[in-house]
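These are my notebook entries on a two-part look-up, taken in the order in which I worked. I began with the terms and then went from one topic to the next.

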Amino acid sequence: MKIEILTLLTLISSFTITHGQNKKRDKKDETKFIDFSFTLGGGNFKDEATSPLKYSGISAGSGIGFLKINDFRESKFDMNYSIGSFKSKMETKRSLINEIEAKYYYLINLNLKNEKWDLKIGGELNNYTDIRVNESLMNNAFGFENFFTLFATSRISRDISRKTEKRFSFLHYSYVFPARKRTLSYTQNLSLYNSTFRNDYIYINHGFIVNENLPFGNYVTSHFSGFRLASQLDYTHYFQNCNAIRISYKWQAMQTAKDPHRFQLASHKIGFSFLFNTK
Amino acid sequence: MNMKKILGLLILVLFFTSCEKMFFDKEISSKSPQVNFDYLWQKCYENYSFFEYKNIDWHEVKTRYQSKIDNSLTNEDLFNILADMLRELRDAHTNLYSNLNISFFPIQKLGPDNFEWRTITDNYLPSNYQITGPFRHDYLTNQNIGYIRYASFMGDISEIHLDHILKRYANTDGIIIDIRENGGGAAANVFKLLSRFIDKKTLVYFSRYKNGPNPNDFSDYVPAYIEPSEKVKYLKNVILLTDRSTYSAGSFTTLAAKAINKITIIGDTTGGGLGIPNGGQLPNGWTYRFSVSQAVDLNQNNFEDGVPPDIVSYFDWSNLNIDEVIERAIQEINK
């Protein structure tokens with residue numbers, strides 16, 4: 001735990017120093033977007049507190065984000081919701097999973113002095129909640145887990161813009177693809193600090209039997225516990241009116257500590273976003 | 001976008017799919033009888049809360065039932081063996097659920113049948129008795145006593161229901177609440193009901209739960225208090241009727257009633273069920289549950305085998321025109 005605290009402090013310090021240097025150049029050149037997104041994907045989860053089985057399924061969701069970006073920094077606040085239906089290999093009832101995620105990231109450009117490539121680093125605060133319902137589990141029918149994570153984030157982007165228009169002929173038809181700004185980015189998130197909020201060993205709410213009706217009476221917060229990893233691949237296509245669309249592949253995996261019972265989840269999602277330029 | 005870039009993207013996607021496989025612990029999914037037997041036995045060993053109280057040697061049980069397990073068993077055979085093993089716990093909060101069958105422990109057979117509703121409707125209640133929510137009630141014939149039948153704790157008791165009933169019988173000499181053959185339901189209803197019979201905050205029992213895999217890993221005892229309701233209360237004599245089929249929330253009500261002066265319990269010992277049932281899934285997808293907590297009275301007495309009444313009384317089946325338990329309750333109120 002001491003190593004994690006030291007790493008966290010080192011990262012925050014170096015980030016603060018670098019950010020201080022860039023601050024003055026920021027506001028005027030900033031572009032703002034509102035991002036409306038839709039996702040479709042699949043995933044797996046396994047909750048040893050209630051079952052030895054892995055559940056797999058598909059989910060769909062939507063989100064809204066507020067993005068600010070310029071040559072020196074990028075920040076975004078995002079909220080996402082998705083719902084999915086998951087089933088095990090055995091003859092079991094389906095689990096319905098609701099996922100709610102709120103996150104904020106802040107990245108600074110390392111200025112590689114390269115026309116095609118840029119590299120940004122920073123951090124992301126991410127709060128993820130899953131709410132599971134599976135009636136066949138009776139008193140365990142309702143499951144709730146929360147992960148709060150500070151990620152170290154790195155993003156590498158390549159400019160794949162079409163600088164000049166291109167003509168393409170097929171049979172008797174010809175097409176003109178105009179010049180367009182396009183980028184391809186890969187983001188990697190590695191958890192520095194992860195806390196989990198989850199029901200304890202016996203996975204019940206004992207309070208209801210002693211007339212203490214606290215909904216999370218037996219839940220426990222565990223700091224520096226569990227692990228998360230996430231990555232995202234984005235293709236962004238900008239239009240002449242400065243709006244953009246983005247197609248993303250998002251992957252994440254998370255798990256709680258093994259004690260008392262491990263919860264594990266991984267998801268793959270394809271996202272379609274519409275970025276509306278507001279400045 | 002050229003082929004190199006598309007290929008690069010595909011490689012990344014495949015890479016993370018593989019990462020995911022490394023990331024997950026090994027799944028235990030199997031239809032093997034041995035795997036499922038071992039899993040259920042182990043989960044019971046780690047989480048069942050009454051081994052010591054019931055003097056059950058779970059290792060001995062394993063040895064006996066292991067000899068019946070072989071991988072040629074059909075699903076039905078395996079179900080029956082696992083169900084029989086769970087019945088060794090002598091606990092009606094213990095069930096095995098499959099698509100074929102649901103196992104249970106017949107708690108009512110621990111004592112005589114002590115309740116016949118037809119006797120009550122023919123001889124003790126008017127033909128137009130009232131139905132208020134989950135309660136069936138009216139004045140007992142020729143008595144200044146209210147009789148309230150509460151057959152199940154399932155669903156919610158509304159405050160309006162209780163206000164109406166207790167206002168109606170406010171001027172009686174006493175009321176009888178009949179929870180014989182009440183198999184339980186929502187624990188919140190226990191406190192809602194009993195809060196109408198006290199005038200100060202009352203400690204009624206203690207409960208603790210399993211918090212680790214060793215047989216004696218329990219939390220500290222947590223006290224259960226009931227606050228008096230701010231709504232209509234009844235502070236005169238209350239008789240609670242119980243029998244062997246009074247179970248779970250019914251038993252909790254009976255246990256809590258022992259701490260309330262104005263309530264007298266008449267009938268037979270309850271069936272028990274003072275542990276919260278909880279469980280999970282087996283590797284073959286069947287689900288199981290068993291008791292994972294314990295409750296004791298104010299003197300730390302454990303009544304998992306049944307909460308005894310203050311006054312024992314049994315129904316005499318040779319005369320279906322008299323309910324001896326109700327007669328005893330009437331006698332108690334009128335004395």
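**Terms and ground rules.** I take helices (H or I, at least four residues) and strands (E, at least two) as DSSP runs, numbered from the N terminus. The model is predicted, and I therefore note that local features need pLDDT of at least 70 and side-chain atom pairs count only at pLDDT 80 or more, while totals for chains, interfaces and linings use all residues. Residues are numbered from 1 along each chain as its sequence is written, chains are lettered from A and ligands numbered from 1 in the order in which they are written, and side-chain values use heavy atoms, with hydrogens and water left out.

**Entry 1, the contact between the chains.** I looked up which residues touch across the two chains, taking contact as heavy atoms within 4.5 Å, and found 52 residues from chain A and 55 residues from chain B. For buried area I used the accessible area (1.4 Å probe) that two parts lose on being put together, summed over both. On that basis chain A and chain B bury about 4,300 Å² between them, with 62% of it on carbon and sulfur atoms. Of the area that chain A buries against chain B, 15% is supplied by Pro52(A), Tyr201(A) and Ile209(A), more than by any other three residues.

I then turned to polar pairing across the contact. A polar contact is a pair of N or O atoms within 3.5 Å, where within protein one must be able to donate a hydrogen and the other to accept it, and residues adjacent in sequence count only if both atoms are side-chain atoms. The count between chain A and chain B is 16 residue pairs, both residues being at pLDDT 80 or more. The elements of chain A that each supply at least two residues to the side touching chain B are strands S1 (31-47), S2 (54-69), S9 (182-199), S11 (227-238), S12 (244-255) and S13 (263-277). S12(A) gives the most to that side, with 5 residues. By class, the side of chain A that touches chain B has 26 nonpolar, 16 polar and 10 charged residues, where Ala, Val, Leu, Ile, Met, Phe, Trp, Tyr, Cys and Pro count as nonpolar, Asp, Glu, Lys and Arg as charged, and the others, Gly among them, as polar.

I counted a salt bridge where a side-chain nitrogen of Lys or Arg lies within 4 Å of a carboxyl oxygen of Asp or Glu. How many are there between chain A and chain B? The count is 1 salt bridge, and I find the side chains of Glu27(B) and Lys89(A) meeting in a salt bridge at 3.7 Å, N to O. Over all chains the search finds 29 salt bridges. Arg64(B) forms one with Glu88(B), the closest N and O atoms being 2.9 Å apart. That pair links distant parts of the chain, 24 residues apart, with Arg64(B) in helix H4 (residues 58-66) of chain B and Glu88(B) in the loop between helix H5 (75-87) and strand S1 (95-97) of chain B.

On a 1 Å grid over the protein atoms alone, I took a cavity as a set of points where a 1.4 Å probe fits but cannot get out, with lining residues having an atom within 4 Å of a point. Grid points are joined across faces, edges and corners, and a volume is the space filled by probe spheres set on the points. The whole structure holds 5 cavities of 30 Å³ or more.

The largest cavity has about 140 Å³ of space. Its lining has 16 residues, and Ala49(A), Ile202(A), Asn47(B), Gly279(B) and Tyr288(B) lie nearest its centre. Which element gives the largest share of this lining? H2(B) does, with 3 residues; helix H2 (33-47), strand S10 (277-281) and strand S11 (287-291) of chain B each supply at least two.

The peptide bond from Asp259(A) to Pro260(A) is cis, with omega near 0°, and Pro260(A) lies in the loop between S12 and S13 of chain A. Asn211(A) has a positive phi of about 65° although it is not a glycine.

How values were computed
1 Å grid on protein atoms, 1.4 Å probe; cavity = no way out; pocket = protein on both sides within 12 Å on 5 of 7 lines; lining within 4 Å.
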